[in-house]
Amino acid sequence: MLPRAKKQFGQHFLTDRHYIDRIVTAIAPKTEDVMIEIGPGPGALTAPLLEKLSHLHAVEIDRDLGAALRTRFSPEKFSLHEQDVLAFDFAVLASRFRCVGNLPYNISTPFLFHLGEFADELIDATFMLQKEVVDRMVAGPGTPDYGRLSVMLQYRFSMARLFVVPPGAFTPPPKVDSAIVHMTPLPANRPTADDNVRFAAMVTAGFGQRRKTLGNTLKPFISATQISACDIDPARRAETLSVTEFIRLSNVKV
Ligand code: SAM
């Protein structure tokens, strides 16, 4: 029997076998993978993953669910980290790792930023998130969904939306559609900002007032003349700028 879902932990449990199978197929676990599942809950993904893996790590904040998982899966095969994933140090895995999970939607954006700090060690990630968030993650410039989340994640990851999962696949059903996203860190020779903090601050400022021109929103960082010198019209808005154009602007020496 399913445990009672706790709202504060964003619990919606996957119960549709068809989608569980599709997600596990998309993850394609291989025996020796070092894999960590975020929010295993009652174990809808955990059990089929453990059929393929020799070992699985998991991070779960809910102690009641944690106790049930410990009873169900042996410690030789399953290492449970009972804590808030936003404070989880992925370095304890001491290896390059794969990350998967049906994420609690209330912490998805801070979690993605937290995981980004460990991107050098990440092999890939497959997550279920609110479809609206996945659409923003993968959106390209000039589209309505393109924003700070798109730029900050596409700076570090290549991403693909795999498929949509309807509310009826969960108990209790969420109010919105969900989607599966696959993320792979970009290689070391990707375009990079000289200063990641400045880059992030400029992206935030650019999208802070979406309707304003770059000349206006980026004034605290760079002049209109310097923007033009990058071959970028200062009359453009942030939502039209590619990730590499943002990098070019942030790398201007001031
Ligand atoms: N994987 C299960 C499934 O698909 O049925 C549960 C998914 S449910 C959407 C999200 C899970 O993440 C819950 O088990 C919840 O307790 C857990 N969770 C919520 N916030 C968390 C946090 N900050 N850190 C770790 N786990 C968290």
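Modeller: Here are some notes on the ligand and the ring pairs. This is a predicted model: local features need pLDDT of at least 70, side-chain atom pairs count only at pLDDT 80 or more, and totals for chains, interfaces and linings use all residues. Residues are numbered from 1 along each chain as its sequence is written, and side-chain values use heavy atoms, with hydrogens and water left out.

Biologist: Which residues come nearest to the ligand?

Modeller: Leu-14, Gly-39, Glu-60, Asp-84 and Asn-102.

Biologist: What does the side chain of Asn-102 reach?

Modeller: One of its N or O atoms is 2.7 Å from an oxygen atom of the ligand. That is a polar contact (N or O atoms within 3.5 Å).

Biologist: And the backbone of Pro-40 and Gly-41?

Modeller: A backbone N or O atom of Pro-40 is 3.3 Å from a ligand nitrogen. For Gly-41, a backbone N or O atom lies 3.3 Å from a ligand oxygen.

Biologist: New topic. How many aromatic pairs are there?

Modeller: Eight, counting Phe, Tyr and Trp (six-membered ring) with ring centres within 6.5 Å. Tyr-146 and Phe-207 form one, 6.0 Å centre to centre with 80° between the planes. That pair is edge-to-face, the label for planes over 60 degrees apart.

How values were computed: Near = heavy atom within 4 Å. Polar contact = N/O pair within 3.5 Å; in protein donor to acceptor, adjacent residues only side chain to side chain. Phe/Tyr/Trp six-rings, centres within 6.5 Å; stacked < 30°, edge-to-face > 60°.
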